[in-house]
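User: Got a model open here. Can we go through a couple of residues?
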Amino acid sequence: MAAAPPSYCFVAFPPRAKDGLVVFGKNSARPRDEVQEVVYFSAADHEPESKVECTYISIDQVPRTYAIMISRPAWLWGAEMGANEHGVCIANEAINTREPAAEIEALLGMDLVRLGLERGETAKEALDVIVSLLEEHGQGGNYFEDANSCHSFQSAYLIVDRDEAWVLETIGKYWAAEKVTEGVRCICSQLSLTTKMDAEHPELRSYAQSQESITVQTMMNTLRDKASGVCIDSEFFLTTASGVSVLPQNRSSPCIHYFTGTPDPSRSIFKPFIFVDDVKLVPKTQSPCFGDDDPAKKEPRFQEKPDRRHELYKAHEWARAIIESDQEQGRKLRSTMLELEKQGLEAMEEILTSSEPLDPAEVGDLFYDCVDTEIKFFK
């Protein structure tokens with residue numbers, strides 16, 4: 001597994017995206033057996049001169065961090081993708097470059113995703129946070145929970161808010177960024193920035209041309225597309241989690257974020273989440289905590305691989321087994337899963353098109369209820 005896993009992330013702006021919405025999507029390609037958890041962290045105030053312990057190193061904490069919802073490999077501190085309370089979304093890609101990545105333990109690209117979300121009120125602020133920390137601390141360390149070898153990569157990021165996106169590519173402490181405010185943009189595991197380069201994934205372009213405008217359903221369909229290679233299912237890698245965000249340019253409408261929390265979006269349900277003051281925590285998408293005994297924290301690292309499966313992941317394993325082993329029953333199961341997802345999408349569409357202000361009490365347990373319904377269905 002010397003090459004970076006081929007993850008994809010996309011952003012589409014109006015008018016290519018429908019109804020004045022910015023649509024963001026990300027597939028996380030990781031080692032096949034890796035578990036991703038979906039975790040909410042509330043906004044918090046921090047003591048002066050306090051530290052934050054990232055995956056491999058500790059750095060200075062800031063006075064206040066924003067509320068975030070992230071999808072992350074369960075063994076590390078950072079995130080593959082996520083969003084914050086201000087409508088900022090960030091995704092990370094490990095990229096293949098001629099310049100080898102440092103194997104020293106520093107900040108992972110995934111740590112910088114979470115730090116950008118916790119500290120950036122806009123996409124540009126998050127960009128500034130990431131490059132500042134990159135220049136100060138550098139990037140490096142094993143990207144995988146693997147004791148046999150160190151897989152260290154350079155990183156690229158797609159950083160998005162309601163108004164603009166930034167494509168950020170890094171090599172060591174060096175970086176380049178491009179601002180995007182229109183059209184459709186995709187980043188993968190290769191460098192794309194030269195003097196100026198506008199790139200669109202051909203599959204997403206065909207969707208846009210055939211449907212005239214990109215919707216949240218279009219983005220989900222794209223992330224599920226195995227024929228194009230966007231949805232990875234190979235010997236070493238699998239799309240272990242996916243996310244889609246809808247960012248209305250009308251600030252009176254809430255941003256809506258969808259997470260699978262399970263592998264293979266073609267066999268998963270995208271479940272909605274909205275930031276409000278009293279979010280109900282969802283332990284069923286959180287992996288077991290091993291504290292200081294976690295093999296990822298003890299040196300030498302990764303001498304064991306504990307069972308990091310959360311309750312939703314375990315329930316989903318049953319569904320995947322049915323889909324793979326019984327064609328007829330699997331087809332019916334898949335159809336029912338998509339119907340559950342459709343109900344969620346329709347409810348969110350009502351929220352986006354409503355002229356009434358959002359009642360926080362009605363959506364504080366939204367993601368919790370969707371996860372609970374999915375698990376009960378599988379059982």
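User: Where is Thr55 found?
Analyst: Thr55 is in the loop between strand E5 (51-53) and strand E6 (58-60). Strands here are DSSP runs of E, at least two residues, numbered from the N terminus. This is a predicted model: local features need pLDDT of at least 70, side-chain atom pairs count only at pLDDT 80 or more, and totals for chains, interfaces and linings use all residues. Residues are numbered from 1 along each chain as its sequence is written, and side-chain values use heavy atoms, with hydrogens and water left out.

User: Buried or exposed, Thr55?
Analyst: Thr55 counts as buried because its relative accessibility is 13%. Buried means under 20% relative accessible area, with a 1.4 Å probe and protein chains only.

User: Which side chain does the Thr55 side chain make a polar contact with?
Analyst: That of Asp111, at 2.7 Å. A polar contact is a pair of N or O atoms within 3.5 Å; within protein, one must be able to donate a hydrogen and the other to accept it, and residues adjacent in sequence count only if both atoms are side-chain atoms. A polar atom of the Thr55 side chain also lies 3.1 Å from the backbone nitrogen of Trp77.

User: Switching to Ser266. Where does Ser266 lie?
Analyst: In the loop between strand E16 (256-259) and strand E17 (271-273). Ser266 is buried, at 17% relative accessibility.

User: What does Ser266 touch, leaving out residues up to four places away in sequence?
Analyst: Arg224, Lys226 and Arg334. Contact means heavy atoms within 4.5 Å.

User: And which side chain is joined to Ser266 by a polar contact?
Analyst: The side chain of Asp264, at 2.5 Å.

Note on methods: Helix = DSSP H or I, 4+ residues; strand = E, 2+ residues; numbered from the N terminus. Buried < 20%, exposed > 50% of the residue type's maximum accessible area, 1.4 Å probe, protein only.
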